[in-house]
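Hello,

Here is the structure we spoke about, for you to open alongside this message. My notes on the aromatic residues follow below.

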Amino acid sequence: MKKQLLVAAVLAATASLQAQAGAMDDGNLTIGGFGTLGAARSNLDEGQFARYNQAEGVGDKARIGLDSNLGLQASYKINDWLSATAQVLTRKNTSPTFTTDLTWAFLKARINDETSVRVGRVVMPIFLISDYQNVGYANTMMRPPIEMYAQAPVENVDGVDLTYQRAFGDLNLTTVAFVGTSRGKLFVPTAGGSVATYRAPAMGLTLTGEYGPFMARVSHARADLTSNDVAPINALTNTLKTVGFTQLANDITLVSGKKVAFTSVGATMDWNNIVVQAEYAQRRAKEAVYIPDTNAWYTMVGYRIGKFLPYYSHAAYKGAGRSITLPGNFPKTGVLAATVNGVMTSAEQSSDLIGMRWDFAKSLALKVQVDRIKPGAKSGALIFAPAAGIKKNVTVVGAALDFVF
């Protein structure tokens with residue numbers, strides 16, 4: 001029943017807004033949106049396949065919550081140099097039910113033809129597709145590779161960003177610098193699952209170059225991540241203090257705030273019906289913390305045949321070390337040793353996927369996709385896996401209807 005109600009609500013909202021948007025737009029006001037109606041299932045129910053930060057994934061029964069979402073956006077031109085934009089997004093994230101979040105909310109001031117400033121809530125441009133990663137229609141694949149997009153826990157920041165654009169012949173360069181504070185929730189899948197809140201003052205710089213059908217982006221960001229209620233980590237650090245390893249407890253915890261850096265480089269090409277997208281990223285702790293260092297990458301290739309676009313992608317992420325050195329007198333074996341080493345060890349995973357995109361009508365695209373997941377350490381990105389871990393390959397099949405209006 002819930003599935004039918006969601007579908008009916010999304011379709012009703014779409015039809016209503018499409019009919020009213022033109023009437024409400026007085027030349028200064030623009031209303032639009034995007035959405036995805038998707039269903040997916042896997043061949044395994046021992047663990048669930050989920051997008052990053054989701055409290056519920058899919059098992060051996062089809063569910064609509066993995067990929068379905070609805071976004072609404074309004075922009076108002078106040079005058080020739082000032083405008084306002086707001087966007088809300090409904091999806092399944094840290095809750096097993098659909099919730100709505102404010103993802104964009106900013107004032108934009110155009111200083112001149114090359115420079116603009118935005119003040120408010122903006123999405124952090126730390127990935128190749130950060131600006132539209134939740135817009136299914138704007139993406140070739142049915143979902144951004146989990147191996148890549150699970151590496152950074154923050155999506156948006158409340159603060160200010162400065163954009164500078166300059167053309168050098170046919171080469172267009174865009175630089176974005178931002179500073180602010182990110183606040184939100186993190187789903188912690190261990191010990192049955194819990195939700196923690198975080199606060200992260202952050203800053204970063206992104207350089208994007210576009211030349212005809214080619215685009216490349218380099219990004220670097222740093223955040224001081226603080227969380228007081230990561231339940232499994234707090235329980236572990238309390239135990240460590242009790243048995244005399246106070247410094248190790250202070251190293252592991254996020255309560256005092258820890259600096260983490262994220263760097264990515266990516267590129268796209270859409271040339272002569274050939275579509276290519278690739279990205280590589282590193283997450284590095286700049287202070288001692290339980291969060292492991294990681295490397296992640298993916299490559300996607302596709303070929304457009306009329307309204308059809310078949311594609312293939314390979315993605316992977318692996319551990320790249322840890323920022324904590326255990327004290328010399330720390331036990332080598334036992335439950336405590338296993339627990340500490342477990343939280344500081346990165347999950348690892350690779351996947352191969354094939355899919356087909358069909359742009360069968362204006363602003364509508366149908367996608368089908370099959371993912372072959374190869375979980376490694378700690379069951380990869382699968383949630384609610386058994387303590388012994390999942391080593392066998394997992395197949396996930398899905399279909400989605402993407403739309404914009």
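Aromatic rings

Phe-187 is buried, because its relative accessible area of 13% falls under the 20% cut-off. Please keep in mind that this is a predicted model.

The ring of Phe-187 pairs with that of Phe-384: the centres are 6.0 Å apart and the planes stand at 80°, so the pair is edge-to-face. This pair links distant parts of the chain, 197 residues apart. Phe-187 belongs to strand 7 (residues 171–188), while Phe-384 lies in the loop between strand 15 (364–375) and strand 16 (394–404).

In total, the structure holds eight aromatic pairs. Another of them joins Trp-104 and Phe-106, also edge-to-face, with 5.8 Å from centre to centre and 65° between the planes. Trp-104 is buried at 9% relative accessibility, and Phe-106 is buried at 10%.

Phe-106 has a charged neighbour as well: the charged end of Arg-118 sits over the ring of Phe-106, 4.9 Å from the ring centre.

Which residues do ring pairs link into a cluster? They are Phe-127, Tyr-149 and Phe-262.

Regards

Terms used. Residues are numbered from 1 along each chain as its sequence is written. This is a predicted model: local features need pLDDT of at least 70, side-chain atom pairs count only at pLDDT 80 or more; totals for chains, interfaces and linings use all residues. Side-chain values use heavy atoms; hydrogens and water are left out. Rings of Phe, Tyr and Trp (its six-membered ring) pair if their centres lie within 6.5 Å; planes under 30 degrees apart count as stacked, over 60 as edge-to-face and the rest as tilted. Buried means under 20% relative accessible area, exposed over 50%, partly exposed in between (1.4 Å probe, protein chains only). Helices (H or I, at least four residues) and strands (E, at least two) are DSSP runs, numbered from the N terminus. A charge sits over a ring if NZ of Lys or CZ of Arg is within 6 Å of the ring centre and within 35 degrees of the ring normal.
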